[in-house]
Amino acid sequence: MKIYLDDLKKLQGDFLNYSYRVNPKDINLENTGFYLKCPAIFNVEASYQGRELFLKGTIKTQLRTACSRCVSEFVFPLDIEFHDKFQNPGKSDDEDLDFDENFFQGESFNLRALLKEILIISLPLKPLCSSNCLGLCPVCGLNLNLEECKCEVSGVDPRLEDLKNFFEK
Ligand SMILES: [Zn+2]
Ligand SMILES: [Zn+2]
């Protein structure tokens with residue numbers, strides 16, 4: 001899963017397409033709590049001109065993770081578009097480099113590393129199985145999406161308070 005600059009240099013700014021189907025075992029999302037459930041479909045268009053590598057494309061896959069409110073495992077579909085620009089400063093280090101840019105060295109670019117990076121930054125910090133997930137009862141720990149309990153809950157968070165009022169109407 002590499003882009004070789006030689007292939008792109010010949011095209012002088014035109015785009016070349018790369019397509020991959022990456023198996024879950026080949027992508028480790030570190031300690032994000034997310035795991036690939038199916039292969040990731042990764043399409044990239046790349047061009048190279050004036051030491052700049054332009055990349056745009058899409059990533060489509062499904063991940064497994066635990067809901068941050070009710071801790072049930074659920075499937076999180078991901079379908080994203082990205083575009084990125086990387087500079088290859090080459091051998092000379094006396095050039096004026098724009099440090100806001102991303103850099104890469106050498107004559108090839110590692111797409112697997114890019115895929116992993118984009119996936120990780122696209123993951124939500126507090127994944128929810130559903131936007132109206134009721135979570136767990138703070139007293140008895142019951143999953144309130146599945147069952148109702150009779151616990152008296154005081155000092156609940158305002159979001160749950162709204163729900164409580166809603167159900168009492
Ligand atoms: Zn949930
Ligand atoms: Zn309860």
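This is a conversation about reading the features of one predicted protein model.

User: Before we start, what should I know about the model and its numbering?

Analyst: The model is predicted, so local features need pLDDT of at least 70 and side-chain atom pairs count only at pLDDT 80 or more, while totals for chains, interfaces and linings use all residues. Residues are numbered from 1 along each chain as its sequence is written, and chains are lettered from A and ligands numbered from 1 in the order in which they are written.

User: How many helices and strands are in the chain?

Analyst: Helices (H or I, at least four residues) and strands (E, at least two) are DSSP runs, numbered from the N terminus. Here the chain has three helices and eight strands. Along the sequence they follow the pattern β-α-β-β-β-β-β-β-β-α-α.

User: Which strands pair with strand 4, and in what sense?

Analyst: Two strands pair if DSSP finds at least two bridges between them. Strand 4 (40-49) pairs with strand 2 in the antiparallel sense over seven bridges, and Arg 21 stands opposite Ile 41 there. Strand 4 also pairs with strand 5, again antiparallel, over nine bridges. Look for Phe 42 in that pair: its bridge partner in strand 5 is Ile 59. These two strands make a hairpin with two residues between them, where Gly 50 takes a positive phi near 55°.

User: How many bridges join strand 5 to strand 6, and strand 6 to strand 7?

Analyst: Strand 5 and strand 6 run antiparallel and are joined by 15 bridges; Phe 54 stands opposite Lys 85 in strand 6. Strand 6 and strand 7 (residues 102-103) run parallel, with two bridges.

User: Which side chains of strand 4 are buried?

Analyst: A residue is buried if 20 or more other C-beta atoms lie within 10 Å of its own, exposed if 12 or fewer, and partly exposed in between, with C-beta atoms placed from the backbone. By that rule, 13% of the 169 residues of the chain count as buried. In strand 4 the side chains alternate: Ala 40, Phe 42, Val 44, Ala 46 and Tyr 48 point to one face and are buried.

User: Why does Tyr 48 count as buried?

Analyst: Tyr 48 is buried because 26 other C-beta atoms lie within 10 Å. Two residues are in contact if their C-beta atoms, placed from the backbone, lie within 7 Å. Leaving aside neighbours within four places in sequence, Tyr 48 is in contact with Leu 5, Leu 8, Lys 9 and Leu 53. Lys 9 is 39 residues apart from Tyr 48 along the chain, yet their C-alpha atoms are separated by 6.2 Å.

User: Which residues touch the most other members of the largest nonpolar core?

Analyst: A nonpolar core is a set of buried Ala, Val, Leu, Ile, Met, Phe, Trp, Tyr and Cys residues joined through C-beta atoms within 7 Å. The largest one here has 17 residues, and Ala 40, Phe 42, Ala 46, Ile 59 and Leu 115 touch the most other members. Strand 4, strand 5 (52-66) and helix 2 (111-122) each supply at least two residues of this core. The largest share, five residues, comes from strand 4. Leaving aside neighbours within four places in sequence, Leu 115 is in contact with Val 22, Ile 27, Ala 40, Phe 42 and Ile 59.

User: Which residues of helix 2 are buried?

Analyst: Here is the general idea. An α-helix has 3.6 residues a turn, so residues three or four places apart point the same way. In helix 2, Leu 114, Leu 115 and Leu 119 are buried. They cover an arc of only 130° around the axis (taken from the directions from the helix axis to the C-beta atoms), which puts them on the same side of helix 2. The face turned away from that buried side carries the exposed residues Ala 113 and Ile 121. Strand 2, strand 4, strand 5 and strand 8 (108-110) are among what covers the buried residues.

User: Where is Gln 12, and is it buried or exposed?

Analyst: Gln 12 sits in the loop between helix 1 (5-9) and strand 2 (16-22). Gln 12 counts as exposed because it has 9 C-beta neighbours inside 10 Å. Its phi is positive, about 50°, although Gln 12 is not a glycine.
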